[in-house]
Amino acid sequence: MFVRMTSRAIHIGQMCEKKLRVLLDMDQVLADFELGFFQEYRKKFPDYPYIEMQDRVGFFVKDQYEKMFSYIPNIGNAVAKIYKTKKFFLNLPEIEGAVDAAKMLAKMEGVDVFICTSPIEKYKYCLAEKYEWVDKHLGPEWVGRIILTKDKTMANGHLLIDDKVDITGAIERPSWEHVVFSANHNMKTDIGKRRRLDNWTNGDWKELIEDFKMRI
Ligand SMILES: [Mg+2]
């Protein structure tokens with residue numbers, strides 16, 4: 001009887017405990033899409049013009065290439081070919097410090113971590129490879145934390161760390177607060193009142209999380 005009451009008490013205690021739900025975007029927050037793209041593009045199209053990584057502006061790499069190199073008829077297709085290719089997503093390098101930080105974050109008391117990621121439209125390889133990437137870099141226990149959606153406003157959380165500046169969808173006021181993860185492509189973009197997280201290496205993320213934990 002005593003044991004049963006104790007376990008029930010613990011169970012209720014767990015239900016009442018409020019946890020900070022952190023949603024981590026994948027591309028350019030955990031996996032380095034821009035670096036992976038740049039390297040593959042240079043390898044596949046060595047004679048084509050290219051944009052240095054520090055000169056990337058705007059979220060969609062294809063848009064900037066089409067704008068800058070409009071005199072090359074198929075430049076958009078060449079760009080898209082890179083990330084539609086098998087193993088592109090699987091072979092993306094890690095963003096420096098991201099995997100260690102994510103693992104530490106998941107171990108923090110009062111925090112639940114999920115990966116919230118949008119597959120590309122040509123999903124054939126991208127979908128499975130995102131799962132494989134998470135399995136390989138973070139571990140199989142992380143696979144169950146993946147939320148795949150084109151509409152991140154539908155995901156429920158307190159905090160979304162994402163490099164995309166404009167995240168819109170069906171829900172006008174999502175549950176999460178968007179913290180913009182810095183990337184070359186968004187450094188010149190006005191992010192309004194939103195906060196930035198510049199990297200995973202200088203420890204700022206821990207303060208950010210503690211701050212959010214106090215506010216929920
Ligand atoms: Mg991203």
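Author: Helices (H or I, at least four residues) and strands (E, at least two) are DSSP runs, numbered from the N terminus. The model is a predicted one, where local features need pLDDT of at least 70 and side-chain atom pairs count only at pLDDT 80 or more, while totals for chains, interfaces and linings use all residues. Numbering starts from 1 along each chain, as its sequence is written.

Reader: OK, how many helices and strands are there in the protein?

Author: The protein has 7 helices and 6 strands. Going along the sequence, the pattern is α-β-α-α-α-α-β-α-β-β-β-β-α.

Reader: And what order do the strands take in the sheet?

Author: The 6 strands form an open sheet in the order β3-β2-β1-β4-β5-β6, with parallel pairing. Two strands count as paired if DSSP finds at least two bridges between them.

Reader: Which strands stand at the edges?

Author: β3 (146-148) and β6 do; each has a single partner strand, so one side of each has no neighbour in the sheet.

Reader: Where does helix α5 lie?

Author: Helix α5 (residues 98-107) lies across β1 and β2 (111-117), at about 140° to β2. For that angle, axes are lines fitted to C-alpha atoms, for helices over the stretch in contact, and angles run from 0 to 180 degrees between N-to-C directions. Contact here means that the C-beta atoms of two residues, placed from the backbone, lie within 7 Å.

Reader: Switching topic: what does UniProt mark as "active site"?

Author: The unreviewed UniProt entry puts that annotation on Asp25 and Asp27. UniProt positions are given in the numbering used here, feature names are shortened, and annotations may be inferred rather than shown by experiment.

Reader: Is Asp25 buried or exposed?

Author: Asp25 counts as buried because it has 21 C-beta neighbours inside 10 Å. The rule is 20 or more other C-beta atoms within 10 Å of a residue's own for buried, 12 or fewer for exposed, and partly exposed in between, with C-beta atoms placed from the backbone. Asp25 sits in the loop between β1 and α2 (33-44).

Reader: What is Asp25 in contact with?

Author: Setting aside neighbours within four places in sequence, Asp25 contacts Cys116, Thr117, Ile161, Asp162, Asp163 and Phe181.

Reader: And where does Asp27 lie?

Author: Asp27 is in the loop between β1 and α2. Asp27 is buried because 26 other C-beta atoms lie within 10 Å. Leaving out neighbours within four places in sequence, its contacts are Phe33 and Thr117.

Reader: What about the phi of Gln28?

Author: Gln28 has a positive phi of about 75°, though it isn't a glycine. Most residues other than glycine have a negative phi. Gln28 is in the loop between β1 and α2 and is buried, with 23 other C-beta atoms within 10 Å. Lys87 also has a positive phi, near 75°, but Lys87 is exposed, with 11 other C-beta atoms within 10 Å.

Reader: Which residues have the most contacts inside the largest nonpolar core?

Author: Leu24, Val29 and Leu30, in a core of 41 residues. Strand β1 (residues 20-24) gives the most to this core, with 4 residues. A nonpolar core is a set of buried Ala, Val, Leu, Ile, Met, Phe, Trp, Tyr and Cys residues joined through C-beta atoms within 7 Å.

Reader: What does Leu24 touch?

Author: Not counting residues up to four places away in sequence, Leu24 touches Val29, Leu30, Ala102, Val113, Ile115, Cys116 and Ile161.

Reader: Last one: what are the domains?

Author: Domain 1 (18-32 + 92-215) and domain 2 (34-84), with bounds from an automatic or database domain assignment. Their C-alpha centres lie 24 Å apart, and 12 residues of domain 1 are in contact with 11 residues of domain 2.
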